[in-house]
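Colleague: I would like to learn how to read a few features of a protein model. Could we take them one at a time?

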Amino acid sequence: SYDYFTHRLGLDDIACSSFDSPFDYQSQAMLYLSPDMPEPSAQEFLQSFVEQCCQLINATAGNAFILFTSYRMLSLVSGMLRKRLKNKLFVQGEQQRSDLLRDYLQTPHAVLLGTSSFWEGVDVKGDKLKLVIIDKLPFRSPGDPVYKRRLQYVAEQGGNAFNDVQVPEATISLRQGVGRLIRDIHDRGIVMIADSRLQNKAYGQAMLQSLPDMQISKQLDQALSFAAQLQPGR
């Protein structure tokens, strides 16, 4: 639906159209949703997330983006991965964004870890990106004063701030993050979204339906098998 976009612009009764993607997502991509991932707020989440990251990164021989919703999580995960992976890690904050992306592209089997600025506007085609991992659903923090007031205004007008603002915005951001993977008709890859809310919350199901029509797997072995086929030369 275009309702979120048109309503914010004050546009009513206008014709809207959508067009099919040129990409064959069913054959080009797989979405892996772990059935065993703890809730994002659970203490066990970090260790489980790192474990599955390592398995998938090893299966694709690197060539991976890990996208985070917070710098704190990025810092924790990067420290743990450096102890477990031989791949070169490029971590946002350690270099300028443009330098980080350039060096990633020039380094075989690299892994890039980034936050919001890497969720969109990054175009990596071919074998240099075979895996995109997303830690959590990208809900904005309501702590920002302007954003907080906007949520209050929606509620004052009789709306539901969570469903009318926060979920649509998170859905758009999630689509952008997932969209880093397939940038060309010849690209193939796998996406892992580690947030269990995508599977067990009603709004998560709606967000899932908004994503491209990829194969969906909840079996790690199947995801690893698909990922292993993505290594260059296979």
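Modeller: Start with burial. Buried means under 20% relative accessible area, exposed means over 50%, and partly exposed lies in between, using a 1.4 Å probe and protein chains only. Here Asp103 has a relative accessible area of 17%, so Asp103 is buried. This is a predicted model, in which local features need pLDDT of at least 70 and side-chain atom pairs count only at pLDDT 80 or more, while totals for chains, interfaces and linings use all residues. Residues are numbered from 1 along each chain as its sequence is written, and side-chain values use heavy atoms, with hydrogens and water left out.

Colleague: Which residue forms a salt bridge with Asp103?

Modeller: A salt bridge is a side-chain nitrogen of Lys or Arg within 4 Å of a carboxyl oxygen of Asp or Glu. Asp103 pairs in this way with Arg102, and their closest N and O atoms are 3.0 Å apart. Arg102 is partly exposed, at 41% relative accessibility. Arg102 also forms a salt bridge with Asp99, where the closest N and O atoms are 3.2 Å apart.

Colleague: Where do Asp99 and Arg102 lie?

Modeller: Helices (H or I, at least four residues) and strands (E, at least two) are DSSP runs, numbered from the N terminus. Asp99 and Arg102 both lie in helix 5, 3 residues apart, which is about one turn of the helix. Asp99 has a relative accessible area of 26%, so Asp99 is partly exposed.

Colleague: How many salt bridges does a search of the whole structure find?

Modeller: The search finds 10. One of them joins Arg82 and Glu94, with the closest N and O atoms 3.0 Å apart. This pair links distant parts of the chain, 12 residues apart: Arg82 is in helix 4, and Glu94 is in the loop between strand 3 (89-91) and helix 5 (97-106). Arg82 is partly exposed at 42%, and Glu94 is partly exposed at 49%.

Colleague: At what angle do the axes of helix 3 and helix 4 cross?

Modeller: Axes are lines fitted to C-alpha atoms, for helices over the stretch in contact, and angles run from 0 to 180 degrees between N-to-C directions. The axes of helix 3 (residues 45-60) and helix 4 (residues 71-84) cross at roughly 50° and come within 10 Å. Helix 3 is therefore oblique to helix 4. Angles under 35 degrees count as roughly parallel, over 145 as roughly antiparallel, 65 to 115 as roughly perpendicular, and the rest as oblique.

Colleague: Which residues make the contact between helix 3 and helix 4?

Modeller: Contact means heavy atoms within 4.5 Å. Helix 3 contributes residues including Phe45, Leu46 and Phe49, and helix 4 contributes residues including Met73, Leu76 and Arg84. By class, this contact has 11 nonpolar, 1 polar and 2 charged residues. Ala, Val, Leu, Ile, Met, Phe, Trp, Tyr, Cys and Pro count as nonpolar, Asp, Glu, Lys and Arg as charged, and the others, Gly among them, as polar.

Colleague: How far apart are the axes of helix 3 and helix 10?

Modeller: Those axes are 7 Å apart, and helix 3 packs with helix 10 (residues 220-228) at an angle of about 30°. The residues in contact include Leu56 and Ala59 of helix 3, and Leu220 and Ala223 of helix 10. By class, this contact has 7 nonpolar, 3 polar and no charged residues.
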